[in-house]
Every structure is written in structure tokens, then in C-alpha cells.
Amino acid sequence: MKIFVLVCAMLVTSLPVQAQEQGPAEAVVHALFEAMRAGDGAAARALVKAGAPLERLQADGTVKAGSFEKWTAWIDEQAPGDADEQIFAVKTFHSTAGLATVAAPFVIYYKGDLVGCGVNQFSLALTSDGWRIIHGIDVPYVGDCASYRDMVEGE
């Protein structure tokens, strides 16, 4: 598992830096975490297709099932600023006219304390309502989260 996480981190850091502005799928991912920081579950729900799964790849290789509905309900319980998941080095790995895959490494602070880090991966679809997240999965980094961002961004 540690090798998988390291490979994910290496993949993200080996991609060329995009000189252009973020694309519309990446903008949705950024808006999702802005809604989280604001404690606004309704704004987060508006960016996600109803029923979309939200999963976590565990250290033992199993996948823990979840949902965006449960996550956004949790957001509704947070005061603005309590949950601060900072994404960086966001990249679109693939995009067509109607589908996109976006990776977003993260560090997360809860009420000011660093509580985790890793990589989010989102699948998005262009719907009649615009780009919407249709699937999310993350993998936590097993290591020093205080230096994770520097490691991923390559200082």
C-alpha cells in the first residue's frame, strides 16, 4: 500500500505544470472544497450528481464505501473554517467532451489541527446542469503530512 501511495504522489509530481488557467472540471473540484470550508453542504451538493459514491482506498487495499450525501450532511454540521481541506497541484488527467478525471492532492485541517493528507480523485460528467462530480475516491498518505505538500509540489 505504501508503494501505491508513493506511486500516486510520484505520478502527480511528474506531470508538467499547466501554464493555462484551470479547466471547468477543476473549477468544480475547487468549488467543492470552498463549500466545505464555508460549512455549506448545500453548495457542495449542487456540484455532485445525486447518489454519487465517495470512497476511500484503505491502507490494507480494501475500499471503504461512502457517499457524497453523507459527507455533505457532515459539512452542514461544521462552522465556517472548521473543516479546511486544502487541495493543490490539481490536475486533469483526461478530459473529453463529456467526461473528466481530476486528481487533487490534499492536506486537511480540522479546527486548526493538521489531521490528514493524501490524494483525491474525481470523475466528472458534463450534464445538462454543467460539470458535476459523479464519483470520488481518496487515498490517505501514510507518512508525514506536515511535509506532504512540499513533497508533492517538489518545493
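Modeller: Let us begin with the surface. The protein chain exposes about 8,200 Å², and carbon and sulfur atoms supply 56% of it. Accessible areas come from the Shrake-Rupley method with a 1.4 Å probe; for residues, only the protein chains shown count as cover. The model is predicted: local features need pLDDT of at least 70 and side-chain atom pairs count only at pLDDT 80 or more, while totals for chains, interfaces and linings use all residues. Residues are numbered from 1 along each chain as its sequence is written, and side-chain values use heavy atoms, with hydrogens and water left out.

Colleague: What percentage of the residues in the protein chain is buried?

Modeller: Buried means under 20% relative accessible area, exposed over 50%, and partly exposed in between (1.4 Å probe, protein chains only). Of the 155 residues in the protein chain, 37% are buried.

Colleague: How many helices and strands does the protein chain have?

Modeller: Helices (H or I, at least four residues) and strands (E, at least two) are DSSP runs, numbered from the N terminus. The protein chain has 5 helices and 7 strands. From the N terminus on, their order is α-α-α-β-β-α-β-β-β-β-β-α.

Colleague: Which cysteines does a disulfide join?

Modeller: In general, a disulfide is a covalent bond between the sulfur atoms of two cysteines; the criterion used here is a pair of cysteine sulfur atoms within 2.5 Å. A search of the whole structure finds 1 disulfide. This disulfide joins Cys117 to Cys145, with an S to S distance of 2.1 Å. The pair links distant parts of the chain, 28 residues apart: Cys117 lies in strand 6 (residues 113-127), and Cys145 in the loop between strand 7 (130-140) and helix 5 (148-153). The link is left-handed, with -80° about the S-S bond.

Colleague: Is Cys117 buried or exposed?

Modeller: Cys117 is buried, with a relative accessible area of 2%. Cys145 is buried as well, at 15%.

Colleague: How many aromatic pairs does the structure hold?

Modeller: Rings of Phe, Tyr and Trp (its six-membered ring) pair if their centres lie within 6.5 Å; planes under 30 degrees apart count as stacked, over 60 as edge-to-face and the rest as tilted. The structure holds 6 aromatic pairs. One of them is the edge-to-face pair of Phe88 and Tyr148, 6.3 Å centre to centre with 70° between the planes. This pair links distant parts of the chain, with Phe88 in the loop between strand 3 (83-87) and strand 4 (91-95) and Tyr148 in helix 5, 60 residues apart. Phe88 counts as buried at 3% relative accessibility, and Tyr148 at 1%.
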